[in-house]
Amino acid sequence: INATDLGKIKDAQGEVTRSYDPAYMNTVACISKISYIDGDKGILEYRGIPIAQLAEKSSFLETAFLVIFGELPNPKQLKTFTKKVMTHSSYHDGLEKFISAFRHDSHPMGMMSTLMAAMSTFYPEANPAYVGANIYKDKKERNKHIYRILGSAPAIAAACYRHKLGLPLNKPNENLGYVENFLFMMDKHVTDTDYKPHPSITKALEILFILHAEHELNCSTAAIRHMSSSQSDIYTSLAGAITALYGPRHGGANEAVLRMLEQIGSKDKIPQFIQDVKDRKKLLMGFGHRVYKNYDPRAVIVKRTAEEVFSIVGKEPMIEIAMELERIALSDEYFIKRKLYPNVDFYSGVIYKALGIPTEFFTVLFTLPRIAGWLAHWYEFLDDPVNNIVRPRQIYKGYTKRDYVPMDQRK
Ligand code: ACO
């Protein structure tokens, strides 16, 4: 692009200058009160509360309430919210037909995105295309979808998992906690309805869910705001956010980290791997972040949580490679100069592996809690007086006007 035409775009008023900002590196697209990040200092707060306090003291549903509605719930509000979410912990029967049609080797994120979009077809009364966008102005109506989506997502995820493993689908246990019920539904051997997952494993996953609940305007959250701006229904919009999260540059990094660690295989191969990264043949997955130019505060807590999980289920051998990789990278000029530190995905996969969860399922474990953040942004966007349709502009560099060439005259 020539400096002379950078950002010059013709519109009805004539030529106006707009900033050319691919990947929106310098574009502020909304005003939000949901989460705050200071990437240089390594700070993350949800509604003003530091992430470390929430990880230590809160539960996932309490954090979800905070993120979506703006305040910590009082005891009565939390009880009602929990009840409403948990009474939606089964999914619509129609989804079972979709699930049974999936190939057993299909990626669970493809399944999740498909099933979330399919939900819109089971609740057409929620579709602004049929009933008008005003439907979402009614907060009771919004909340109905919030309860249903938060409630059924773990059951949908567990169903994808069970289908892939060839296990019969099972029913939720509404009397368990949110994360506890998810672990219950995922268990391969559950026949006993009194079964309860290990409380320390539940607590560890609860912490991971809290850490993944929200992260301001990342790729998938920008996607949900983008899609909601055209007034598509919440289920289809969420399917789009799930798709954005799926990629290895975003939520898919937790899966990519594990594959990378397995490929490295042993500590003695690390120096060669680091050299390949510096030669730009490979990326060090789980390192680097668009906003954090310091240690991701979530990664510190994930690393600590890993130790707690290992003390129950035994140490996952990949942790040794991960820790040595981090040690070498953090003392190498290449990574120091570029401010590349571990992000939330670097250690989370090692925990999931230790819990016996298949690698390709890792990003689903990111999706479930992030639904809270996506719903919070949807909610905030609906109330934003400037919620116009998102419509960036482009600089056209293609052909100038030319004539159609008939087939027999083409070379
Ligand atoms: N390994 C090696 N080099 C890297 C890495 C990495 N993981 N990340 C960035 N770099 C280098 C780039 O090559 C670039 O070097 P250069 O200036 O010499 O060209 C420099 O660091 C700056 O990188 P950018 O690509 O400009 O950083 P950007 O903000 O665009 O990308 C991203 C951020 C996508 C997260 C990137 O760091 C990456 O791909 N990381 C690996 C994937 C990953 O872990 N993603 C999860 C992010 S957290 C999340 O989404 C939940």
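**Leu-95 and its surroundings**

Residues up to four places away in sequence aside, Leu-95 touches Leu-115, Ala-118 and Ile-156. The structure is a predicted model, and Leu-95 is found in its helix α4, which covers residues 95-101. Leu-95 is buried, because 22 other C-beta atoms lie within 10 Å and 20 or more is the cut-off for that class. The C-alpha atoms of Leu-95 and Ile-336 are separated by 48 Å, and the two residues are 241 apart along the chain.

**Overall form**

- The secondary structure of the protein comes to 18 helices and 5 strands.
- The C-alpha trace spans about 70 × 60 × 55 Å along its principal axes.
- Of the 411 residues in the protein, 40% are buried.
- Among contacts between residues at least 6 apart in sequence, 76% join residues at least 24 apart.

**The largest nonpolar core**

- In soluble globular proteins, nonpolar side chains tend to be buried together.
- The largest nonpolar core in this model has 106 residues, and Met-112, Ile-156, Leu-238 and Leu-375 are those with the most contacts inside it.
- Helix α18, residues 362-383, gives the most to this core, contributing 12 residues.
- Leu-375 is in contact with Ile-68, Ile-146 and Ile-149, when its neighbours within four places in sequence are left aside.

**Packing of helices**

- Two packed helices are described by the angle between their axes and the distance between the axes.
- Helix α2 (residues 60-69) packs with helix α3 (residues 75-86) at an angle of about 105 degrees, and their axes are 10 Å apart.
- The helices α2 and α3 are therefore roughly perpendicular to each other, since angles of 65 to 115 degrees fall in that class.
- On the α2 side the contact is made by Leu-61, Glu-62 and Phe-65, and on the α3 side by Leu-78, Phe-81, Thr-82 and Val-85.
- By class, the residues of this contact of α2 with α3 are 5 nonpolar, 1 polar and 1 charged.
- Helix α5 (residues 108-122) packs with α18 at an angle of about 35 degrees, with their axes 8 Å apart.
- In this pair, Pro-108, Met-109 and Met-112 of α5 meet Thr-363, Val-364 and Thr-367 of α18.
- The contact of α5 with α18 has 4 nonpolar and 2 polar residues, and no charged residues.

**Helix α17, a mostly covered element**

- Helix α17 runs over residues 345-354 and is mostly covered, with 9 of its 10 residues buried.
- The buried residues of α17 are Asp-345, Phe-346, Tyr-347, Ser-348, Gly-349, Val-350, Ile-351, Tyr-352 and Ala-354.
- What covers these buried residues includes α9 (199-211), α12 (253-264), α14 (297-313), α15 (318-330) and α18.
- Gly-356 follows α17 and has a positive phi, near 85 degrees.

**Tyr-136, a buried loop residue**

- Tyr-136 has its place in the loop between α6 (128-131) and α7 (139-165).
- Tyr-136 counts as buried because 22 C-beta neighbours lie inside 10 Å.
- Residues up to four places away in sequence not counted, Tyr-136 touches Pro-128, Glu-141, Arg-142 and Leu-382.
- Tyr-136 and Leu-382 are 246 residues apart in sequence, and their C-alpha atoms are 7.4 Å apart in space.

- Tyr-24 is a residue other than glycine, and its phi is positive, near 50 degrees.
- Tyr-24 is found in the loop between β2 (14-17) and β3 (35-38).
- With 13 other C-beta atoms within 10 Å, Tyr-24 is partly exposed.
- Glu-216 is not a glycine either, although its phi is positive, about 35 degrees.
- Glu-216 lies in the loop between α9 and α10 (219-228).
- Glu-216 counts as partly exposed, with 17 C-beta neighbours inside 10 Å.

Methods
Residues are numbered from 1 along each chain as its sequence is written. This is a predicted model: local features need pLDDT of at least 70, side-chain atom pairs count only at pLDDT 80 or more; totals for chains, interfaces and linings use all residues. A nonpolar core is a set of buried Ala, Val, Leu, Ile, Met, Phe, Trp, Tyr and Cys residues joined through C-beta atoms within 7 Å. A residue is buried if 20 or more other C-beta atoms lie within 10 Å of its own, exposed if 12 or fewer, and partly exposed in between; C-beta atoms are placed from the backbone. Helices (H or I, at least four residues) and strands (E, at least two) are DSSP runs, numbered from the N terminus. Two residues are in contact if their C-beta atoms, placed from the backbone, lie within 7 Å. Axes are lines fitted to C-alpha atoms, for helices over the stretch in contact, and angles run from 0 to 180 degrees between N-to-C directions. Angles under 35 degrees count as roughly parallel, over 145 as roughly antiparallel, 65 to 115 as roughly perpendicular and the rest as oblique. Ala, Val, Leu, Ile, Met, Phe, Trp, Tyr, Cys and Pro count as nonpolar, Asp, Glu, Lys and Arg as charged, and the others, Gly among them, as polar.
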